[in-house]
Amino acid sequence: MTGSVRFVLGGRVVEVRDADPTTTVLNWLRANGRPGSKEGCAEGDCGACTVVLGDLAADGRVRYRAVNACILFLPMIDGKLLLTVEDLAGADGELHPVQAAMVDKHASQCGFCTPGFVMALFALHHDQRAADGGLTDGAIHDALAGNLCRCTGYRPILDAARTMAAERSDDRFDRAEEGIATVLRSIQRDGALTVTHGAASFHAPRGVDELAALFAAHPNATLVAGATDVGLWVTKQGRSLPTLIHLAQVRELHRIDEGADALEIGAAVTYTDLLPVLERRVPELAALVTRIGAAQVRNSGTLGGNIANGSPIGDSMPALLALGASLVLNRGGVRRELALNRFYHGYRKNDLKPGEFVERIRIPLPREGQRFATWKVSKRRDQDISAVCAAFLLTLDGEGRVAELRAGYGGMAATPARAPALEAAMAGQPWTVDSVAAALPALDRDFRPMTDMRASDRYRALVAKNLLMRFLLHTTGAELPSLEAVHG
């Protein structure tokens with residue numbers, strides 16, 4: 001093996017030279033005397049494995065974020081601070097405020113998932129909203145949405161979180177921040193990280209030109225940003241990934257450029273970092289993003305990864321299709337721009353050429369007078385996969401007729417897709433209940449949805465139509481006629 005992974009754990013710099021690049025952080029921890037983090041699902045859903053990563057923010061302060069250790073590859077934490085439940089109590093045994101609140105409120109469940117709850121609350125304790133005294137019940141629920149266990153007393157856990165928020169004071173990590181930041185700065189790399197283990201290799205380039213040259217030389221490599229999906233290829237499918245190229249250290253891929261008419265999002269921008277921008281510029285899309293996974297997933301997952309992965313149920317794509325997004329693709333330094341609605345060719349098939357990657361996503365902003373909305377339908381509100389996701393962008397002419405309707409759907413076909421028959425049926429029609437009801441059968445020509453564990457084909461077809469009708473009501477305030485009148 002060449003190269004090593006360096007991170008801070010237990011107050012000291014750890015250097016790992018003997019791990020396969022696809023070793024998960026969870027497996028490494030449990031094999032090295034840290035059993036507090038548990039494996040529940042091994043797919044980033046249950047939160048039992050939650051740990052916290054600390055890194056240096058742009059202002060030089062230490063930023064703490066909860067992540068799922070079960071699908072995070074060990075080289076991905078190079079240069080970071082890794083905290084597990086074993087780290088929270090002081091050397092004298094004094095409990096961290098989060099732990100003390102859990103004890104005081106009798107908030108432990110069976111015990112298996114409790115460490116994950118504690119680590120999620122620790123990250124929340126260090127959220128800026130907590131420091132400012134603005135931690136609401138909504139923020140608490142959002143922070144715990146990725147910790148799914150409800151086996152016994154969930155209410156006492158919420159009570160502990162509220163107590164923690166109300167009595168928030170500096171903890172020992174706040175008091176040691178300068179020292180922690182100094183140690184983190186000491187292990188930052190100027191150049192790329194390359195780790196090899198037998199035939200396997202992991203590469204973390206620092207610049208987009210370096211990435212382009214590396215991927216051109218290794219076109220069969222697997223690109224990984226947050227590993228929220230790629231991690232499952234290893235933990236669930238047992239796949240071998242001989243060459244990994246990590247995108248999270250590429251500076252240019254973290255840029256967010258806000259223009260008057262569009263946003264340009266680097267492919268490695270996490271959902272968490274993207275959310276404040278969307279809340280200002282496209283709040284309807286921001287509301288959808290808060291339902292993509294949970295905090296642990298959004299802290300790692302990226303918009304670029306969601307697009308490049310191309311799942312039929314990827315939640316971001318219907319909205320981006322309706323907004324008319326395009327992709328800037330890079331192959332060996334040569335760039336081209338492609339409309340997202342031309343990117344997907346079939347199930348898990350796209351227009352990327354060997355050695356080509358998504359560099360940026362360009363999202364046009366709704367213009368004045370246009371109406372945009374998007375909704376996700378799933379069995380569970382939080383931390384769940386869509387049965388159907390739909391998004392609509394409406395432009396009316398001066399007489400209240402449809403100048404253009406763009407409709408993007410997920411969960412309805414082998415790829416996220418626009419609904420061309422529906423869009424054509426609505427063109428030039430008045431934006432009324434009667435016209436929309438008359439156009440609904442066009443969706444049956446656009447899609448032939450499948451039946452799976454999440455929903456039946458009939459349910460999906462009906463929900464797709466109902467979401468269009470919801471958009472009509474959302475934009476006009478019209479009253480909904482009987483379902484029999486709408487669907488015949």
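Modeller: We'll go through the cores, the cysteines and an annotated domain.

Colleague: What kind of model is it?
Modeller: This is a predicted model, where local features need pLDDT of at least 70, side-chain atom pairs count only at pLDDT 80 or more, and totals for chains, interfaces and linings use all residues. Residues are numbered from 1 along each chain as its sequence is written, and side-chain values use heavy atoms, with hydrogens and water left out.

Colleague: How many residues are in the largest nonpolar core?
Modeller: The largest nonpolar core has 43 residues, and Val 52, Phe 117 and Leu 144 are among those with the most contacts inside it. Such a core joins buried Ala, Val, Leu, Ile, Met, Phe, Trp, Tyr and Cys residues through side-chain atoms within 4.5 Å, buried being under 20% relative accessible area with a 1.4 Å probe, protein chains only.

Colleague: Which helix gives the most to this core?
Modeller: H3, with eight residues; helices are DSSP runs of H or I, at least four residues, numbered from the N terminus.

Colleague: Is Cys 70 buried or exposed?
Modeller: Buried, at 4% relative accessible area.

Colleague: Which residues does the FAD-binding PCMH-type domain cover?
Modeller: The unreviewed UniProt entry gives 195-368, though annotations may be inferred rather than shown by experiment. The end C-alpha atoms of that span lie 50 Å apart.

Key
Helix = DSSP H or I, 4+ residues; strand = E, 2+ residues; numbered from the N terminus. Buried < 20%, exposed > 50% of the residue type's maximum accessible area, 1.4 Å probe, protein only.
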